Amino acid sequence: MQAEQIKKRNKRYDKYVEAVSPKTAMLPSLAKSFWVGGLTCVIAQIIFELYTLAFPSVSEQAIIGFTLSTIIIIAVFLTGIGVFDKLGRYAGAGAFLPITGFANAMASAGMEFRSEGLIFGSQVKFFSVVGPVLVNGIVWSTVAGLIHSIINAVVG
Amino acid sequence: MLNKTIHKSKNAYFLGKDSVDYARHNSHYVTHTLREMPKTALTHCKVTSKSRQTLFFSNPVYILSGGSVVAKRESKGPVGKYFDKVFEENIKIPFEKEELSMLKKAITLCIDKSKLKISDIDMLFAGDLLNQITSSCFAARDLKIPFFGLYSACSTFTQALASGASFINAGYFDNVACATASHFASAERQFRNPLEYGAQRPPYSQWTVTGAGCTMLSNGGDNDILNIFSNVSPRITSATYGKVVDFGIKDVANMGGAMAPSALDTLICLLSDTGYSVEDFDLIITGDLGKLGSDMLRDLALEQGILLGKNYTDCGVLIYDSTQDCYQGGSGAGCSAVVFNGFILEMIKQKRYKRIALLATGALLSPQSVLQGESIPGICHGVVIEI
């Protein structure tokens with residue numbers, strides 16, 4: 001068969017597969033991720049308020065740090081006891097977008113490769129899923145910082 | 001791809017616009033007007049008429065016994081009660097080791113049932129989904145059986161049956177064990193994300209079966225052994241090795257779509273080479289196309305003029321219930337192996353099925369090839385089992 005014909009056939013087949021494959025229903029999954037993601041934020045806000053009440057002398061920045069750590073610890077704990085993947089499957093971006101998703105991705109990779117040893121398994125694979133997030137986060141924040149300081153030097 | 005279009009089903013787009021109106025055949029599984037189709041259609045299958053893909057076994061190749069080991073989830077499925085053993089999963093053991101011990105258990109179970117000794121087994125044909133097929137290699141190491149490692153993704157089981165039968169037919173071996181295994185967690189680790197990672201799967205994805213199956217083939221040299229299978233002696237009469245077929249699917253989650261064309265190719269070849277029509281089989285069963293993939297195969301086959309009726313099903317459809325949250329059904333090298341050795345052999349024993357075509361399908365991909373933008377080719381090997 002000619003390459004041209006194969007291309008045509010593949011295109012038709014692709015269209016057919018696309019047509020018969022079931023799609024994820026958009027509205028229900030949006031609703032699910034909305035309420036789970038929103039609830040996560042509400043819980044974080046409650047923790048933040050509680051910390052503010054408990055440590056009135058500590059600065060707001062530090063309290064934000066505490067709150068983030070607490071949320072991360074909760075997410076890692078839920079990953080460890082095998083709840084978070086079910087939550088993620090249910091809520092999608094609602095579970096994945098807050099910092100909980102990042103914590104889950106690292107913890108799950110670490111757990112998964114524990115059988116190859118602590119160093120060559122877990123520690124090597126920690127960043128197998130979240131690596132791009134780190135790389136892009138560091139690179140682009142550096143670029144933004146550079147631009148910011150250049151503008152400051154020129155204007156001010 | 002064959003270019004003779006006989007009838008078109010509702011969703012078929014890809015063989016040109018000529019031919020009949022769609023309205024008459026709106027459903028997939030169709031009407032009396034199509035009843036006569038297969039035979040007339042097969043005369044047009046010129047592509048495969050001179051095929052050398054099918055081997056006919058003139059010397060008897062008997063199936064002596066089958067062993068199947070599954071995990072909890074599979075044992076709760078519709079065919080769960082037919083499996084020999086339910087494997088207790090232990091989180092302290094690495095998944096790969098679990099897969100290995102399941103495979104070993106399946107092989108020893110099968111040997112015990114066939115009343116042979118390990119020393120009677122001339123060769124173990126085995127394969128799995130892991131890199132360098134380690135589970136099979138280690139099982140062969142531990143059991144001390146000569147080993148022939150195979151890899152054909154999820155179609156490894158029929159590849160093993162076909163290869164084992166060929167060697168027996170040629171007279172080189174007397175007794176051959178054919179085994180495959182797969183494990184949900186080790187396959188996930190190999191091909192997808194970490195297990196506890198909270199990612200969503202598309203609804204057309206499939207669930208890798210945790211299980212291992214082993215079939216014992218024999219030339220029946222010792223007449224006593226033939227009575228084991230309660231006076232039924234199922235034989236492998238022919239085997240059709242498949243071509244690698246690629247229709248350009250690139251979505252890793254859509255295995256059914258990637259493998260359905262290869263299943264069609266081998267099915268057409270098997271039918272035209274053996275001369276049987278679809279109705280001649282009590283059961284035509286594909287390996288792990290899943291619900292979606294098997295519906296696609298029905299569509300594709302109908303387009304070629306082959307009506308797959310009630311006697312067609314898929315191992316991946318049988319193994320899980322729709323309530324078990326396994327999306328389109330089971331997949332993996334263990335899927336066809338456990339369903340065949342558990343369910344189908346039992347049905348043969350009860351003489352419900354007299355002629356079966358088992359067509360296990362496999363998707364030939366690696367995590368790297370997918371990232372490099374390669375499409376996913378499929379392969380399908382078929383065997384015909386008769387009593």
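Helix α6(B) is mostly covered, with twelve of its 15 residues buried. The model is a predicted one. The helix runs over residues 156–170 of chain B. From its first C-alpha to its last it reaches 21 Å. That is close to the 21 Å expected at 1.5 Å a residue. After α6(B) comes B:G171. The phi of B:G171 is positive, near 90°.

Two other helices of chain B pack against each other. Packed helices are described by the angle between their axes and the distance between the axes. Helix α4 covers residues 95–113 of chain B, and helix α5 covers residues 134–143. Their axes come within 9 Å and cross at roughly 50°. An angle of 65 to 115 degrees would count as roughly perpendicular, and one under 35 degrees as roughly parallel. α4(B) and α5(B) are therefore oblique to each other. Their crossing is right-handed. On the α4(B) side, the contact is made by B:E96, B:E99, B:L100, B:L103, B:K104 and B:I107. On the α5(B) side, B:T134, B:S135, B:S136, B:F138, B:A139, B:D142 and B:L143 take part. By class, this contact has six nonpolar, three polar and four charged residues.

A further feature lies in the loop between α9 and β11 (312–314) of chain B, where B:L307 is found. B:L307 has 24 C-beta neighbours inside 10 Å and so counts as buried. B:L307 and B:M347 are 40 residues apart along the chain. Their C-alpha atoms are separated by 24 Å.

Chain B also touches chain A. The contact takes 26 residues from chain B and 33 residues from chain A. On the chain B side, helix α9 (residues 290–303) gives the largest share, three residues. The residues of this side divide into 16 nonpolar, seven polar and three charged.

Chain B as a whole can now be described. Its secondary structure comes to twelve helices and 14 strands. The chain has 387 residues, of which 57% count as buried. Among contacts in chain B with a separation of 6 or more, 80% join residues 24 or more positions apart.

Terms used
Residues numbered from 1 in each chain as written. Chains lettered and ligands numbered in written order. Predicted model: local features only at pLDDT ≥ 70, side-chain atom pairs only at ≥ 80, totals over all residues. Helix = DSSP H or I, 4+ residues; strand = E, 2+ residues; numbered from the N terminus. Expected span 1.5 Å × (residues − 1). Buried ≥ 20, exposed ≤ 12 C-beta atoms within 10 Å, placed from the backbone. Axes fitted to C-alpha atoms, helices over the stretch in contact; angles between N-to-C directions. Parallel < 35°, antiparallel > 145°, perpendicular 65-115°, else oblique. Left-handed = near helix turned anticlockwise from the far one by under 90°. Contact = placed C-beta atoms within 7 Å. Nonpolar A, V, L, I, M, F, W, Y, C, P; charged D, E, K, R; others polar.
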